[in-house]
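Let's take a walk through a protein model and see what its parts are doing next to each other. Have the structure open while you read.

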Amino acid sequence: MALLTPVPPVAAVAPAPSAPATPAGARPARDTAVDAVRALLLGVVVLLHALMAGVSVAADGSPILRNAMEGWDGFAPLTWILQIMPLFFVLGGFASYTQWTRQRAKGATAGDYVAGRVRRLLIPAVGAIIAAAVLLAALVVAGVPADVVATAGFRIGQPFWFLGVYLGCSALVPVMVRLHERHRALTFAALAAGVVAVDIVRGATGVTAIGLLNMAFVWLLLQQLGFAVADGSLDRLRRGALLAVAGVAAGAAAVLIVTGAAPGDLIAALNPPMAILVVVGVAQTAVFLALRPRLRAAVAGPRAAAVVSWVNGRAMTIYSWHMLVVIALAGILLLAHVGLPAPLTAAWWASRPLWFAAVLVAVALVVAVTGRREAARESAAARAGRMRATGATLTGVAGVVTILVGGSSPSAWVVGAVLVLGALRLAGGRAGRLA
């Protein structure tokens, strides 16, 4: 099983509409519940990746770096709590809807919006990509075994799948919002039909590659659900009805697993994405909406609000750098020649709280330095034509795919960095006063 999980980050959540239609130019109240949950989910991502990092020393003294969760029977049921990527995409849809509709009301074009999203997502990530390339090259020069370097590059690169998918989803936001406004039910139905059809064909043919089509259908459908949360369409549902929806969705997910239509390990259902992720996303969204009033009250205090604001202000930086930090800490443990317990042993589990604390502190320190540019919001969105914005998106996705496919080699990271920098250059454009 791959060392990857949910994440993910999206741009800072914009103020949530208080009614299905927000008057042009109005700035509705910020939804602190959405902010709080996004911060919490990002913390889950970091801790899950830290849990998966299995570092030990073989009998002959050679270093071992692997996914510690491989072969552990208890991991599959744990993923029912830790697989939070569906809700991340729903909340990403919430953010995208509010951001695009506000910018559109102020005269922004689709090209302006997409170019701004490319910059917002790639500026925090490009530093981590360059740092990873330098680190891997340094390991090669230092004579670290090739298999360890390859494993480190592979592990560091895997979480970047989210970046590639989210770039694509963001580029389609103006089109998908228009469909949501004009053909809401038909759009949901078409995307859902696509998800089911891909799973059926994949299961019938045994061709796993067919499932890659659900990289579009699954995540776009969940993003579309976020639009419905943002425009107030679901506000009329009461707590009891929402919990009933969550229960039915959870039951449907259980049926998919029992019948063999989906794996019991919901992290495994990510690659490629499967219909069960949509079902889980519906359940998670219903629970979120049911708990939203209490969540708002829970983060009403200044301290909680400050923590949530700090995390959300650097969300993409945290996501981009955290795996590099985890692998670097694992390398330090190996170099220190300390006694490392074998993964999944009692001693290993007993050491996890200290390991988690070290990861969180290290990530916070790195982000405090590298996340300043992301936290300093640009007051103007980049102006760009549709073709330039499309080129920036495709170039950025190409850079991420290069890292995902060839991330075991330092050269792939160099090529990926060059492509991402090219995407940023295309998305730069001319600043216009839109915010």
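How many salt bridges does the structure hold? There are five salt bridges in this model, which is a predicted one.

## Pairs of opposite charge

Here's the background: side chains of opposite charge can pair up when their charged atoms come close. Take Arg296 and Asp31, which form a salt bridge whose closest N and O atoms are 3.1 Å apart. Arg296 sits in helix 11 (residues 275-298) and Asp31 in the segment before helix 1 (32-52), so this pair ties together parts that are 265 residues apart in sequence. Arg296 is partly exposed, at 37% relative accessible area, while Asp31 is buried, at 2%.

Another bridge joins Arg184 to Asp231, and here the closest N and O atoms are 2.9 Å apart. This pair also links distant parts of the chain: Arg184 belongs to helix 8 (residues 184-205), and Asp231, 47 residues away, to the loop between helix 9 (214-230) and helix 10 (239-258). Arg184 is partly exposed, with a relative accessible area of 34%, but Asp231 is buried, with 2%.

Now look at Asp235 and Arg292, a salt bridge with its closest N and O atoms 3.1 Å apart. Asp235 is in the loop between helix 9 and helix 10, Arg292 is in helix 11, and they are 57 residues apart. Asp235 counts as partly exposed at 41% relative accessibility, and Arg292 is buried at 8%. Through salt bridges that share partners, Asp31, Asp235, Arg292 and Arg296 are joined into one network.

## The nonpolar core

Which residues touch the most other members of the largest nonpolar core? They are Phe89, Trp161, Leu163, Trp219 and Trp413, out of 121 residues in that core. Helix 4 (residues 110-141) supplies the largest share, with 15 residues.

Zoom in on Phe89. Beyond its neighbours within four places in sequence, Phe89 is in contact with several residues, including Trp161, Phe162, Tyr166 and Trp219.

Helix 15 (residues 352-370) has 19 residues and reaches 26 Å from its first C-alpha to its last, close to the expected 27 Å. Its buried residues are Arg352, Trp355, Val359, Ala362, Val363 and Val367. Why do they belong to one side of helix 15? Because they cover an arc of only 130° around the axis, they end up on the same side. On the other side of helix 15, Pro353, Leu354, Leu365 and Val369 are exposed.

Notes. Residues numbered from 1 in each chain as written. Predicted model: local features only at pLDDT ≥ 70, side-chain atom pairs only at ≥ 80, totals over all residues. Heavy atoms only, no water. Helix = DSSP H or I, 4+ residues; strand = E, 2+ residues; numbered from the N terminus. Expected span 1.5 Å × (residues − 1). Buried < 20%, exposed > 50% of the residue type's maximum accessible area, 1.4 Å probe, protein only. Arc of directions from axis to C-beta. Core = buried A, V, L, I, M, F, W, Y, C linked by side-chain atoms within 4.5 Å. Contact = heavy atoms within 4.5 Å. Salt bridge = Lys/Arg side-chain N within 4 Å of Asp/Glu carboxyl O.
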